[in-house]
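Student: Please take a close look at one part of this predicted model. I would like to hear about a single contact between charged side chains, and then what surrounds that theme elsewhere.

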Amino acid sequence: MAYPKIDFLYLNEEDMVKAGVKDMASCVETMEEMFKLLKIGNYRMGGANGNSHGCMVMFPEKSKFSEMPVDGPDRRFMAMPAYLGGKFDMAGMKWYGSNTENKQKGLPRSILTLILNDKDTGAPKAFMSANILSAYRTGAVPGVGFKYFAKDDAKVIGIVGPGVMSKTALAAAMAVRPSIQTVKVKGRGKASLNRFVQHVKDTYPNVDVYPVETIEEAVKDADIVSVSTSTPTTGDTSIYPYIAEEWIKPGAVIESTAALRFDDDFVIHRARTVTDNIKLYEAWEEEMKPDAYKTVPIPAVHVMDLIAEGKMSLDQVDDLGDVILGNIPVHRKEGEVIIYSVGGMPIEDIAWGTMVYRNALKKGIGQTLNLWDVPQMI
């Protein structure tokens with residue numbers, strides 16, 4: 001029996017940029033299509049429930065083995081496999097290692113790669129640098145929420161955490177709400193704040209940008225609030241960034257990809273909770289109960305804890321996919337405040353990775369590598 005040779009496309013970071021990985025408007029459109037497929041069930045992720053964020057390798061606080069890493073801030077490895085159907089029809093996996101100490105070596109905190117695989121044979125189709133890809137899809141997912149929920153004439157966005165994720169969330173906001181005129185940003189370090197402010201000035205020269213001292217200042221009068229902070233999960237949720245109800249402008253949408261805290265009374269009785277995928281939060285609750293919020297600090301995870309405690313019900317949570325498909329209204333009442341939680345899913349990486357891969361093929365970008373001409377063991 002003759003076995004075909006297997007080649008795959010290698011795309012380094014420069015190749016990814018040439019292939020359009022920074023096209024935020026297209027990325028937002030791609031994420032919107034992904035949400036439709038997600039809602040009708042044309043996808044699979046890891047775990048027995050098919051909705052797991054991924055499989056994480058963490059390290060002990062102490063080890064008797066000298067070569068074994070020990071626990072530290074954001075120190076972990078994670079495999080995030082998925083399949084996405086529809087026009088994507090692709091399987092694959094994002095793989096990353098993360099360590100805050102990387103910054104001392106001049107490296108990003110996380111180093112990411114994505115592999116795309118043939119859904120039938122499992123053969124690799126592409127292996128690509130994924131830091132920019134992951135950053136853009138992470139920003140585009142909030143962008144879909146901004147597209148549906150933010151006021152049509154939104155003018156002010158408040159940013160909490162001036163990192164990479166906030167840059168791409170802002171790019172998505174600008175793509176769907178070009179009416180934005182003012183960017184307020186709150187950060188901890190002066191250097192990161194200055195870099196962010198300069199980035200906004202260079203990228204959006206007609207937008208007014210300035211740093212603020214407190215989260216309250218960032219939130220007040222903002223039509224859109226985007227929160228992406230690096231906050232340790234020590235079990236003490238009181239250290240998570242906090243937003244008081246009285247700071248929030250009526251009709252604002254508050255998006256969080258990371259730690260964020262509100263008063264329970266506000267969350268239970270007046271705020272509207274929207275998720276990128278309710279099943280993802282159910283999976284986290286199942287995997288990390290009780291008190292999953294102590295480990296995964298995203299607001300909707302706390303909502304799932306409140307549901308488990310009998311303080312809320314599942315019908316108080318809306319899925320963005322239902323809004324996109326028209327199953328539920330975009331707005332349930334005038335002036336509602338929407339808390340939109342973004343957990344991050346590997347189907348997002350598969351979606352945008354597939355589009356960039358196809359662009360690379362069309363444009364002849366990347367390097368073809370060979371897995372084998374003839375398999376040595378059959």
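Tutor: Start with Glu245 and Arg270. Their side chains meet in a salt bridge, at 2.8 Å from N to O. The pair links distant parts of the chain, 25 residues apart. Glu245 sits in the loop between β11 (224-227) and β12 (253-256). Arg270 sits in the loop between α7 (264-269) and β13 (272-275). Glu245 counts as partly exposed, because its relative accessibility is 30% and that class runs between 20% and 50%. Arg270 is also partly exposed, at 34% relative accessibility.

Now take Arg332 and Asp318. They form a salt bridge too, and the closest N and O atoms are 2.8 Å apart. This pair again links distant parts of the chain, 14 residues apart. Arg332 belongs to the loop between α10 (320-324) and β15 (338-341), while Asp318 lies in strand β14 (residues 317-319). The two partners differ in cover. Arg332 is partly exposed, with a relative accessible area of 46%. Asp318 is buried, because its relative accessibility is 6% and buried means under 20%.

Some salt bridges share partners. Lys94, Arg137, Glu348 and Asp349 are joined into one network that way. Over the whole structure, the search finds 22 salt bridges.

Asp7 and Lys5 meet through their side chains in a salt bridge, 3.5 Å from N to O. Asp7 is partly exposed, with a relative accessible area of 32%. Strand β1 covers residues 6-11 and runs antiparallel to strand β16 (residues 367-372), joined by five bridges. Within that pairing, Phe8 stands opposite Leu369 in β16. Tyr10 stands opposite Phe127 in β7.

That brings in the aromatic rings. The count comes to seven aromatic pairs. In one of them, the rings of Tyr10 and Phe127 have centres 6.3 Å apart and planes at 20°, so the pair is stacked. Tyr10 lies in β1 and Phe127 in β7, so the contact ties together parts that are 117 residues apart in sequence. Tyr10 is partly exposed, with a relative accessible area of 28%. Phe127 is partly exposed as well, at 32%. Another pair is Phe262 with Phe266: the centres are 6.0 Å apart and the planes at 50°, so this pair is tilted. Both Phe262 and Phe266 are buried.

With Phe59 and Phe77, Trp95 forms one aromatic cluster. With Val57 and Phe77, Trp95 makes a nonpolar surface patch of about 260 Å². Trp95 lies in strand β5 (residues 90-98). Its relative accessible area is 37%, which puts Trp95 in the partly exposed class.

Finish with helix α2, residues 24-40. This helix has 17 residues and reaches 25 Å from its first C-alpha to its last, close to the 24 Å expected. Its buried residues include Met24, Cys27, Val28, Phe35 and Leu38. Glu32 and Thr30 are also among the buried residues of α2. Just after the helix, Gly41 takes a positive phi of about 90°.

How values were computed
Residues numbered from 1 in each chain as written. Predicted model: local features only at pLDDT ≥ 70, side-chain atom pairs only at ≥ 80, totals over all residues. Heavy atoms only, no water. Pairing = 2+ DSSP bridges. Helix = DSSP H or I, 4+ residues; strand = E, 2+ residues; numbered from the N terminus. Patch = residues over 30% accessible without salt bridge, like charges linked within 9 Å, V, L, I, M, F, W, Y side chains within 5 Å. Areas by Shrake-Rupley, 256 points an atom, 1.4 Å probe, with all protein chains shown as cover. Salt bridge = Lys/Arg side-chain N within 4 Å of Asp/Glu carboxyl O. Buried < 20%, exposed > 50% of the residue type's maximum accessible area, 1.4 Å probe, protein only. Expected span 1.5 Å × (residues − 1). Phe/Tyr/Trp six-rings, centres within 6.5 Å; stacked < 30°, edge-to-face > 60°.
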